[in-house]
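Please examine the sequence and the model shown below.

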Amino acid sequence: MTAPLSIFKCIECGKEYDIRDIRYRCDCGHLLEVIHDLNTSIPNASDWKASLNGRMGETAFFRYQDLLFPSLPKESIISLQEGDTPLYDVSHRFPEFGSLKLKHEGMNPTLSFKDRGMVVGVSWANDLGCKHVICASTGDTSAAMAAYAGAVPNMQGIVLLPRGKISPDQLAQSITYGAHTVGIETDFDGCMKLVQELTEKHNIYLLNSMNSVRIEGQKAIGIEILHQLNWKVPDWFVIPLGNAGNISALGKGLRELYELGIIDKLPRLAGVQTQGASPLYESYKNGYAELIPQKAKPTKASAIQIGDPVSYQKAVGELQHFNGVVEAVSETELMDWKAQIDKLGISICPNSSVAVAGTIKLRDAEIIKANE
Ligand SMILES: [Zn+2]
């Protein structure tokens, strides 16, 4: 039997598990990371890189699959044609930067980057023969999971939401895509605990970001940005931080590109939180001292109203690897910058504007330099 293309590996103790095991944590309690044998899936990195421009007719996930999740059989893939989202150059309006570009992941089928993860997560559940998938959500994850589960014959999505804390539009998405949608009198972190209990007791596949298979799909955002930039690596990537799965995925994808020799330098990473939900920011200020969970305060950026980020340890690892920083912005700052970007004809949600507001703040503080 040939060696598997992918395995699970504990981020703390290094214990390895079969990729087809349905598990989200190591026996020691820490999260798992998916490790691929990329030298087998991409035997010649320069040939692979050169081939990508000729594959623009393929959906982004298929184009980058050898790097994203090579173990997933093609016949099990459920795609809604996610990806290939615009990278807007707004440098002309922001002369204080060397260059500034905005990746608009709201242009995905269910209007968020979560589709990038669900194409892998739901397809993998499909390949494993799971008939029920579940997530806790602040709105985006549930919309994406419900849509992709809806696209699989005989798969039922189950969504747990904090009652009254997500937008009516996002609630409608989950329901109309056919997921069993339950509102619970708690916050996101409370819903997340319940999801973990349910998946321990029942044969239901968990699709929150603690599922490291799903996270692999989100690597596509960084890879696609670099492809759009013709592999010229920017000085910084700035990204909102909630449950911290997305920055973990971004960092992992960039590391893999670098290890394959597809990019020749590493950018720095900046994560941005709201001031009312800033556990990672507080940890960063204390030299990544132990995470102190917070009761996250209400914010317009409700998708990142998370006080106890599941992927904290992974995110800190990536932030340290990429000489990263963490910033926090006020409600006024994030809504002001949402208005400014909307006026450019680029409609963004408050969660995304957190990254814009953070970028400006980091520039004002001279952490991002004038030529960057
Ligand atoms: Zn372990």
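**Briefing on the predicted model**

The site of the zinc ion is tetrahedral, with angles of 104 to 124° among its four donor atoms. The structure described here is a predicted model. The points below are grouped by topic.

**Zinc site**

- Four cysteines coordinate the zinc ion through their SG atoms, at 2.3 Å: Cys10, Cys13, Cys26 and Cys28.
- Along the chain, the donors of the zinc ion are spaced as C-x2-C-x12-C-x1-C.
- Cysteine 10 belongs to strand β1 (residues 6–10), while cysteine 26 sits in the loop between β2 (16–18) and β3 (32–36), so this pair ties together parts that are 16 residues apart in sequence.
- Cysteine 10 and cysteine 26 are both buried.

**Helices α3 and α8**

- Helix α3 (residues 60–68) and helix α8 (residues 212–228) have axes that come within 10 Å and cross at roughly 105°.
- On the α3 side, the residues in contact are Ala60, Arg63, Tyr64, Leu67 and Leu68.
- On the α8 side, they meet Glu216, Gly217, Lys219, Ala220, Ile223, Glu224 and His227.

**Helix α9**

- Helix α9 (residues 245–260) has 16 residues and reaches 23 Å from its first C-alpha to its last, close to the 22 Å expected at 1.5 Å a residue.
- Of the 16 residues in α9, 14 are buried, and the helix is thus mostly covered.
- Glycine 261 follows α9 and has a positive phi, near 80°.

How values were computed: Residues are numbered from 1 along each chain as its sequence is written. This is a predicted model: local features need pLDDT of at least 70, side-chain atom pairs count only at pLDDT 80 or more; totals for chains, interfaces and linings use all residues. Side-chain values use heavy atoms; hydrogens and water are left out. Helices (H or I, at least four residues) and strands (E, at least two) are DSSP runs, numbered from the N terminus. The expected span of a helix is 1.5 Å times one less than its number of residues. Buried means under 20% relative accessible area, exposed over 50%, partly exposed in between (1.4 Å probe, protein chains only). Donors are N, O and S atoms within 2.8 Å of the metal (3.2 Å for Na, K and Ca); water is not among the atoms, so sites may look incomplete. Four donors count as tetrahedral if all angles lie between 85 and 135 degrees; four count as square planar and six as octahedral if opposite donors are over 155 degrees apart and all others between 65 and 115; anything else is irregular. Axes are lines fitted to C-alpha atoms, for helices over the stretch in contact, and angles run from 0 to 180 degrees between N-to-C directions. Contact means heavy atoms within 4.5 Å.
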